[in-house]
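Visitor: Please take me through one part of this model at close range. Then carry on from there to whatever else deserves a look.

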Amino acid sequence: MLRLDDHPSGRHFLQIPGPTNVPDRVLRALDHPTIDHRGPEFARLTLEILGGLKKIFQTDGPVIIYPASGTGAWEAALVNTLSPGDRVLMFETGYFATLWRRMAAKLGLEVDFVAGDWRSGVDPAAVEAKLAADKAREVKAVMVVHNETSTGVTTRIPPIREAIDRAGHPALFMVDTISSLASIDYRHQEWRVDVTVAGSQKGLMLPPGLSFNAVSDKALAASKSARLPRSYFGWDEIISGNRDGYFPYTPATNLLYGLHEAIAMLLEEGLPAVFERHRRHGEATRRAVRAWELDLLCRNADEYSSSLTAIRLPDGHDADRFRRIVLERFDMSLGTGLGKVAGKVFRVGHLGYFNDLMLAGTLCGVEMGLGLAGVPHRAGGVQAALEYLAGGERPGELKRNKIEARVGSTAS
Ligand SMILES: Cc1ncc(COP(=O)(O)O)c(C=O)c1O
């Protein structure tokens with residue numbers, strides 16, 4: 001029989017860009033006995049979670065929780081707001097944008113898919129030009145992947161919102177934040193996004209199995225007349241059950257315990273500190289890559305991802321062979337190249353429950369693996385990252401100093 005924890009001594013390094021390392025606090029929360037999902041204790045749990053989620057998504061509106069992977073929340077966003085034959089505008093930023101497009105087409109939507117090079121984000125000028133040309137206002141939704149997990153490219157959302165506004169276009173705006181929520185600053189309400197799609201297994205530090213739709217009033221209004229078939233994913237029954245803290249089906253109770261704890265951890269650290277921690281780790285990783293004289297897949301400095309880095313190997317070197325060597329020798333999982341970039345890139349996840357020394361260990365494994373795999377590179381990437389990490393004050397230090405000051409004042 002398969003043994004579930006059949007790793008060598010020490011913790012496995014799970015450095016794929018999701019699922020991410022699940023904190024011990026969350027693991028312990030998952031471990032509580034399952035309770036009656038129609039009882040009073042459960043209602044309190046749901047209401048606290050829904051309040052916390054509003055802070056994480058930065059919205060006053062409803063956030064819907066699905067017992068589904070991120071793909072389920074993609075489908076929910078579409079079936080709740082659109083009708084058969086509706087035109088939608090999507091952008092080929094990478095593998096996940098391509099999968100969302102494929103789903104939209106399967107559901108009977110007409111997709112205008114703007115080609116991309118898998119190295120850059122969505123161009124606001126292209127959004128504006130497409131929408132300005134749509135005189136008949138046939139485009140019903142614009143869909144963007146905030147952080148392309150396959151490429152390590154982050155599209156800046158406010159300029160896309162501004163482009164839609166400049167075109168004076170009424171289309172709904174939907175954003176996939178599956179690998180950015182709780183890692184990279186994201187503001188559902190301020191940026192006037194209509195449907196935000198998210199998942200549990202990345203910045204939220206949970207196992208896979210939950211996903212989310214944050215919803216605007218405009219999206220709720222659209223859902224009243226949308227005609228794509230939906231039942232299980234319908235927002236209306238879930239929102240009405242949630243008012244009292246319940247769900248119209250058996251919810252994933254233990255994952256919700258984990259979510260409650262993960263929200264507490266994120267809010268204790270503070271979202272600005274969470275975003276800054278991710279930014280630093282992205283920057284340190286890129287310094288290592290530059291010192292190794294390898295290439296980043298992301299072309300533009302203002303689109304670098306804080307949650308993962310995709311690194312190109314020189315021609316003739318197989319990224320999956322390199323990853324296999326790292327796994328076998330150092331017990332570390334790195335992200336594989338997906339779709340068009342399979343075998344050409346590997347991805348380092350630096351999101352979720354993560355700190356400086358975990359990043360240092362990760363980069364050591366990469367540097368040693370490059371040597372063992374015979375990939376041409378210069379030594380010194382780890383050193384470059386360490387110098388960056390050791391310089392300046394870290395948000396964690398600030399927090400610890402505050403705790404010490406508090407403990408000190410209680411003791412005296
Ligand atoms: C940006 C993005 N969108 C969608 C998905 C699909 O989510 P899931 O695999 O949880 O169904 C992923 C998965 O990694 C993703 O990274």
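Guide: Start with a pair of strands. Strand β12, residues 308–312, pairs with β14 over 5 bridges, in the antiparallel sense. The model is a predicted one, so read every value here as computed from it. Within this pair, Ile311 faces Phe346, a residue of β14.

β11, β12 and β14 make an open sheet of 3 strands, in the order β11-β12-β14. Its pairing is antiparallel. The edges are β11, at 295–296, and β14, at 345–349. Each of these edge strands has a pairing on one side only. As a general point, strands in a sheet pair through backbone hydrogen bonds, parallel or antiparallel.

A helix belongs in this view too. Helix α10 spans residues 271–292 and lies across β11 and β12. Relative to β12, α10 runs at about 15°.

Next, the other sheet. This one is open as well, with 7 strands in the order β2-β10-β9-β8-β5-β3-β4. Here the pairing is mixed. β2, at 63–66, sits at one edge and β4 at the other; each pairs on one side only. From one strand to the next, the twist averages 20°.

Look inside it at β9 and β10. Strand β9 covers residues 195–199 and strand β10 covers residues 211–215. They pair in the antiparallel sense, over 5 bridges. Gly199 stands opposite Ser211, which is in β10. Helix α8, residues 235–242, packs on this sheet and touches β2, β9 and β10. The direction of α8 makes about 105° with that of β2.

Move on to the ligand. Its shell includes Ser69, Gly70, Thr71 and Trp74. Phe96, Val145, Asn147 and Thr149 are also around the ligand. Asp176, Ile178, Gln201 and Lys202 complete the list. By class, the shell holds 4 nonpolar, 6 polar and 2 charged residues. Helix α3, residues 70–81, contributes the most to the shell, with 3 residues.

A polar backbone atom of Gly70 is 2.8 Å from an oxygen atom of the ligand. In the side chain of Gln201, an N or O atom is 2.8 Å from a ligand oxygen. For the side chain of Lys202, an N or O atom is 2.7 Å from an oxygen atom of the ligand. The ligand taken alone exposes 380 Å², and the protein buries 86% of that.

Finish with two backbone details. Gly18 and Pro19 are joined by a cis peptide bond, with omega about -5°. Pro19 lies in the loop between β1, at 13–15, and α1, at 24–30. The second detail is at Trp118. Its phi is near 60°, a positive value in a residue other than glycine. Trp118 lies in the loop that runs between β4, at 110–114, and α5, at 124–133.

Definitions and conventions:
Residues numbered from 1 in each chain as written. Predicted model: local features only at pLDDT ≥ 70, side-chain atom pairs only at ≥ 80, totals over all residues. Heavy atoms only, no water. Near = heavy atom within 4 Å. Polar contact = N/O pair within 3.5 Å; in protein donor to acceptor, adjacent residues only side chain to side chain. Areas by Shrake-Rupley, 256 points an atom, 1.4 Å probe, with all protein chains shown as cover. Helix = DSSP H or I, 4+ residues; strand = E, 2+ residues; numbered from the N terminus. Nonpolar A, V, L, I, M, F, W, Y, C, P; charged D, E, K, R; others polar. Pairing = 2+ DSSP bridges. Contact = heavy atoms within 4.5 Å. Axes fitted to C-alpha atoms, helices over the stretch in contact; angles between N-to-C directions.
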